[in-house]
Amino acid sequence: MFLWRILVIVMAVCLGVSVIYLWTRFHRFRSFQRLGKKHRILGWLAALCPLFLIGCFYLFNFFTLIVVVLHLVLFFALCDLAGWIINKICHRPGRKEVATSRRYMAGTMALILCALYLGIGWFNAHHVRETHYTFTTGKDLGGEPLRIVEIADSHLGITLDGDSFGRQIERVQQTEPDIVLIVGDFVDDDTLKADMLEACEALGTLKTRYGVYFVFGNHDKGYYQYRDFTSAELRTALAENNVTILEDEVTLVEDRFYVIGRQDRTAPGRAEASSLTEPLDDSKYQILLDHQPNDYAGEAASGADLVLSGHTHGGHIFPAGQIGLLMHANDRIYGTEQRGSTCFVVTSGISGWAIPFKTGTFSEYVVIDIDN
C-alpha cells in the first residue's frame, strides 16, 4: 500500500510538470500568439482552454488522464525535435522570428499523430479478437481432441460492462468449446454489482461438454472496499451459474484430463505447483490455471502439460510490458512458450485495467485445440 501511494504521488507530480509543458506548447499556436500580441496575459489564459478539454479524460479516471497527457508530452517533444532538426538542415529562421507569421506545424503534427495513436489504442481495447492456438500431446485424451476457450482480465467496467461481456460470451459459444476457463481478474475494484451479476449469468448460459472453471486474479477479491458487492457475493453468483471455482485445487474431468487451479500469487499460503500435481496420474493431460505468469520454472518442473495465464494484458500501454519483463515481474507478457514438456499461454485479456486504450496489444479471448 505504501509503494502504491508513492507511485500515485509520483504520477501526480509528473502530471503537474506535464501540464505546464503542454501549456507552453499550446501557447505557441498562431491563434494564441496573435491574441497574446494584443494582450499577453489573455494569450496565456486562452492557451489553457485545450488543457481543460484534455482534463475531460479524468471522467474516465485519473490513470486515463495520465496516459493521455504523457502521450501528448511525448509526441510534442518528438515533433519539436524533428522540427528543430529540419529547420537546422534547411537553414530556416528560428522560432522567435516566425512566432506569429507561420503555423506551429510541429504542434499540429503532434496533435494529429497522438490522436491517431491513441485512437488505434482505443480500437484495440474495445474490439475483441479471437485468437487460435493448437498444441499436440502424446497423452490419451479419450480418443478425441479437446477445445478450450481461455478468458482473462475482463475487469468489468472499463471497456466491458455486463451486457457487452454477455455479447462476447455469445461469440465464445459459437466456437463450440468443450470447456471454458476463466483465468482471473473477472471483476475489478470498482465493478458494479449489476454488471457482475449480469456477466455471471452470461457465463451460466454457456453450453459446454465439461463446464466452466474459474481462478481468482489479484483484483477479484478487491484491494479496497468501495465496490457494492463482496467477494462472497461474487462466489455465490458464480456458483449459482454453474461456474466451478478452484483455489489450489484439482479436478479430474470425466477421467479424461485434470484442471488445476492455483490461487493468485498475492494470496497468502499459496501452494507450490508441484504439490498440486504430485499426486496426479501423469498419463492424463494436466491443464494448470495461474492468473499471473511468473512461476514458469516451478510450473514446468511440476509436469503440467498446459499453463494458462493472463494478468499482463499483453503489455497494455507500450512499453509497460517490456519494462515488466526487465524487472522480472513476469516471465512472459503475451503469446506462447514451451519449457520442457510444458506449454505456456499468456492472453492479452478480453479487456484491461483502468485505461480504455491498448497501445501495446489488443483485446482477445483464446481458443486452444489440443490434439493427439
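I began with Phe-57, which is partly exposed at a relative accessible area of 27% (buried is under 20%, exposed over 50%, partly exposed in between, with a 1.4 Å probe and protein chains only). I then checked Phe-60, also partly exposed, at 40%.

Before going on, I noted that this is a predicted model, where local features need pLDDT of at least 70, side-chain atom pairs count only at pLDDT 80 or more, and totals for chains, interfaces and linings use all residues. Residues are numbered from 1 along each chain as its sequence is written, and side-chain values use heavy atoms, with hydrogens and water left out.

Next I counted ring pairs, taking rings of Phe, Tyr and Trp (its six-membered ring) with centres within 6.5 Å; planes under 30 degrees apart are stacked, over 60 edge-to-face, and the rest tilted. The count came to 18 aromatic pairs. One of them is Phe-26 with Phe-29, stacked at 6.2 Å centre to centre with 25 degrees between the planes. Phe-26 is buried at 4% relative accessible area, and Phe-29 is buried at 14%. Phe-57 and Phe-60 are stacked as well, at 6.4 Å centre to centre and 25 degrees between the planes. I also found a cluster in which ring pairs link Phe-26, Phe-29, Phe-76 and Tyr-104.

**Charges over rings**

My rule here was NZ of Lys or CZ of Arg within 6 Å of the ring centre and within 35 degrees of the ring normal. Arg-129 lies over the face of Phe-362, 4.0 Å from the ring centre. Lys-221 has its charged end over the ring of Phe-216, at 4.9 Å from the centre.

**Tyr-365**

I looked up where Tyr-365 sits: strand S12, residues 364-371 (helices are DSSP runs of H or I with at least four residues, strands runs of E with at least two, numbered from the N terminus). Tyr-365 is buried, with a relative accessible area of 0%. Which residues does Tyr-365 touch, not counting those up to four places away in sequence? I listed several, among them Arg-129, Val-149, Gln-168 and Ile-350 (contact means heavy atoms within 4.5 Å). Val-149 is 216 residues from Tyr-365 in sequence, yet their C-alpha atoms are 7.1 Å apart.

I found a cis peptide bond joining Phe-318 and Pro-319, with omega about 5 degrees. Pro-319 lies in the loop between strand S9 (306-309) and helix H13 (320-326).

Asp-185 has phi near 50 degrees; Asp-185 lies in the loop between strand S3 (179-183) and helix H9 (193-204) and is buried at 1%. Ala-354 has a phi of about 70 degrees. I placed Ala-354 in the loop between strand S11 (342-346) and S12, where Ala-354 is buried at 10%.

**Stepping back**

I read off 13 helices and 12 strands, and the C-alpha atoms fill a box of roughly 80 × 45 × 40 Å along the principal axes. Buried residues make up 51% of the 372 residues. For contacts with a separation of 6 or more, 75% come from residues 24 or more positions apart.
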